[in-house]
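Please consult the sequence and the coordinates alongside the text.

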Amino acid sequence: MAIWETLGNLTLIALILMVYSFPLYKENLFYRFVEYLFIGVTIGHATVVAVQFLQKNVLSPILGGETFLIGVLLLSALLFTRFYRPYAYLARWPMSFLIGSMMGLRIFASVNSAKRYMLATAYNPLAQPDLLSQLGSVFVIIGYITAALYFTWGWEHKGPLRWTDKIGRYLLMTYFGVSFGSIAMARFTWFSGTIKTLLTAMGLI
Amino acid sequence: MSSLIRRKEITIAIMLFCAFFVFADRAYKAPILLDTSKWVQKWVLAISAVTMIVTFISSIIRNTRRIQTSLSEGDGPDAGSSIVGQWFYYGTTLVASVLTVAVGLTMGIQSNPYQWMYQYVFQNLATAIASFLGLFYIGAAFRAFRARTAEAAILLICGVTVMLTTNPFGEAIWSGFPVIGSWFLNWVSIGSRRGMGLASSVGTVALAIRVILGYERSVSAGGE
Amino acid sequence: MSSIIDKFENLDRRILLWAVVICVTLPYFIPVGLPIPYEPWVLDAIDFMENEVPDGATVLLDLSAALRVITELEGGMQATGWYFTQRGFKVVGTCFYPDGVFEWYNFIEPEFIKAGYVYGEDYVFLGYIPGESTGVDRLAKSIRDLISVDYEGNKIEDLPMMADIDKAEDFAFVMAFGSGWTPGSYITNWYLPYGIPIIPFSHMYGLSGYLSSWMAGFIPGTICGVRGSGEWANYLGLPSTAVTMLDSVGLGHAIMILFIILGNIAMLIEKYGGKDTESIGGSP
């Protein structure tokens, strides 16, 4: 209905202007209102989606006869004991499942990716077609070794290690500069998109 | 009995069990490893979903308490605006979260009211709040990006060159910017990134082992 | 002269921000229309899809991009949905972020419906799966073990398309839209163990990370940010708002770089003019 679309556009314009009132003017009650509103809506949406997942993939199969999943519900229900202090320690059991599983995946992923990237042959200088790429792959090898050494603290960095630290620091700065450039591009794009949404809602474009 | 259940060895045993089977299933192919790993991970997914519900309830309790405190004791000299008290903001979060859940669960995500809220409130707020940090980057970059040392100069040159590479304006100014910027992106920065990744992988493995063995007290004995 | 430099160094941040806002807004009224050259990692991704994936292949489409990056990726999502229908791909959709549900119904499914795709025979949407990396890993092993019904509530085994699809090896490749960890998780859990090609479609910040995977040969290519979306849409001959958005972003960058350069010139003048550089920096 047109009236809901108009109301939606007016809401959208008001909310975006409230958000940008902070950097472009000063902190004010409208900005804080919108900040807290966003937190509330985010929590609400994530909860709705999580409940839907549980309904479809846990509750429906249990009602369909998969009684094994009742154990999941009972274990998950222990999470609610954190609201009652005398039994709050029981909430650690389901959290242990989460943490253990995540740690197992992380250990495997970390070891595997470190091994794979060390063996990647794409950085062989002799295999590169032109001088710039050959020079670049030399930088890759030097950067890899010096940056990894920079973060090892098992022994004091003196003598030749001071030079590897220095080179490692310079090459790390190139990565941080590249990261900054990429983040700035991303943030500007989101900003530009918000401006576009605002101008479209106002009917100016 | 209570002291037996409270022991942190139970949480360590659960973490070890889950971590072992999830890791072993990835590293070695065996039916028993696969079946146990599947069972563990299916339970993990359900527990992840329930943690969101716990977060919601926790947010209701916390915001209600804060509103009560704000109304009964006042906000103090450093809190919020002089026009409204903190209770207004906590109340906003409370009402917004409860309303969203109520509409979503009773009418469904695909219903018109929920889609309206999602499209006109949530989606645009998410983008606007994420993007306004970009404005702060500008202020920070203007104040802090000074080439006083060699490291700062390198960071500045790489950052500016990459910014000019990733949008067509850079190529319009000088055709060499994309060449140099791509070289920084594809070659120079990658080695140090991977080196940092290697160091963080070692740290991650060390931290994971500490957590699994219960040396991280906040995880194995949290809540006491 | 030094008083001008002092005033410049102590410039109110809000003046700079308003200058950026004006520069970002102007191209929407006065388009510049600079051409967008193709980047090699985007060309490689397109080359892979065009030449190494047969028509009618089964593809996993993961929409795990947070809402905050939707302006960068929405053009790319629509272009992807259209392209998949042109190639006759069978598509299984999923997401590990709740926002993916919105993205599916607003950007992907409309393209399928326009092309006459039938739900259950040509495409299926599994919906939101919590659990992050755990979910990605479990999806590779067995879809049926992970979830029993799709997002619409239909049983997986009742969907005709899913009769032969259950694990990673049943897919030709994965197109992973992501704003954080998800495409990387697919590389770890789908490519490294099973060899399934992954094409990360990420926001601009993810580019430097996925470039190292591309250089190492772990992914055929990657499409990142609004520029990647624009290049992808341009290649397919589809209209895209990326051009105007890139003009707007480019002008904003130009102003920011100009102020940084002017600030550094002021610092150098102060430094070699003999003033104490510790006092330079201005008010926060």
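How many salt bridges are there between chain A and chain B? The count is one salt bridge, and it pairs A:R169 with B:E151. The model is predicted.

**Chain A and chain B: extent**

- The contact draws on 110 residues of chain A and 112 residues of chain B.
- About 10400 Å² is buried between chain A and chain B, and carbon and sulfur atoms account for 81% of this area.
- On the side of chain A, the residues that lose the most area to chain B are A:R92, A:F97 and A:F108, which together make up 7% of what that side buries.

**Chain A and chain B: polar and charged links**

- Between the two chains, eleven residue pairs are in polar contact, with both residues at pLDDT 80 or more.
- In the salt bridge between A:R169 and B:E151, the closest N and O atoms are 2.9 Å apart.
- B:E151 belongs to helix 6 (residues 150-165) of chain B and A:R169 to helix 6 of chain A, so the pair joins two chains.
- Over all chains, the structure holds 14 salt bridges.

**Chain A and chain B: elements and composition**

- Helix 1, helix 2, helix 3 (70-77), helix 4, helix 5 (131-150) and helix 6 of chain A each contribute at least two residues to the side that touches chain B.
- Helix 2 of chain A gives the most to this side, with 25 residues.
- By class, the side of chain A that touches chain B comprises 75 nonpolar, 28 polar and seven charged residues.

**Chain A and chain C: extent**

- Here 42 residues of chain A and 50 residues of chain C take part in the contact.
- Chain A and chain C bury about 4100 Å² between them, with 71% of that area on carbon and sulfur atoms.
- Within chain A, the greatest losses of area to chain C fall on A:L24, A:F188 and A:W190, together 16% of what that side buries.

**Chain A and chain C: links, elements and composition**

- The count of salt bridges between chain A and chain C is zero, while eight residue pairs are in polar contact, both residues being at pLDDT 80 or more.
- Two or more residues of the side of chain A that touches chain C come from each of helix 1 (2-24), helix 2 (29-63), helix 4 (92-119) and helix 6 (160-202) of chain A.
- Helix 6 of chain A gives the most to this side, with 19 residues.
- The side of chain A that touches chain C holds 27 nonpolar, eleven polar and four charged residues.

**Cavities**

- The count is five cavities of 30 Å³ or more, and the largest cavity has a volume of about 80 Å³.
- From chain A, the lining of the largest cavity includes A:V49, A:Q52, A:F53, A:K56 and A:N57.
- From chain C, the lining includes C:L126, C:G127, C:Y128, C:I147, C:V149, C:D150 and C:Y151.
- Helix 2 of chain A and strand 3 (123-128) of chain C each supply at least two residues of this lining, and helix 2 of chain A gives the most, with five residues.
- The lining of the largest cavity divides into seven nonpolar, three polar and two charged residues.

Terms used: Residues are numbered from 1 along each chain as its sequence is written. Chains are lettered from A and ligands numbered from 1 in the order in which they are written. This is a predicted model: local features need pLDDT of at least 70, side-chain atom pairs count only at pLDDT 80 or more; totals for chains, interfaces and linings use all residues. Side-chain values use heavy atoms; hydrogens and water are left out. Contact means heavy atoms within 4.5 Å. Buried area is the accessible area (1.4 Å probe) that two parts lose on being put together, summed over both. A salt bridge is a side-chain nitrogen of Lys or Arg within 4 Å of a carboxyl oxygen of Asp or Glu. A polar contact is a pair of N or O atoms within 3.5 Å; within protein, one must be able to donate a hydrogen and the other to accept it, and residues adjacent in sequence count only if both atoms are side-chain atoms. Helices (H or I, at least four residues) and strands (E, at least two) are DSSP runs, numbered from the N terminus. Ala, Val, Leu, Ile, Met, Phe, Trp, Tyr, Cys and Pro count as nonpolar, Asp, Glu, Lys and Arg as charged, and the others, Gly among them, as polar. On a 1 Å grid over the protein atoms alone, a cavity is a set of points where a 1.4 Å probe fits but cannot get out, and a pocket is an open set with protein on both sides within 12 Å along at least five of seven lines; lining residues have an atom within 4 Å of a point. Grid points are joined across faces, edges and corners, and a volume is the space filled by probe spheres set on the points.
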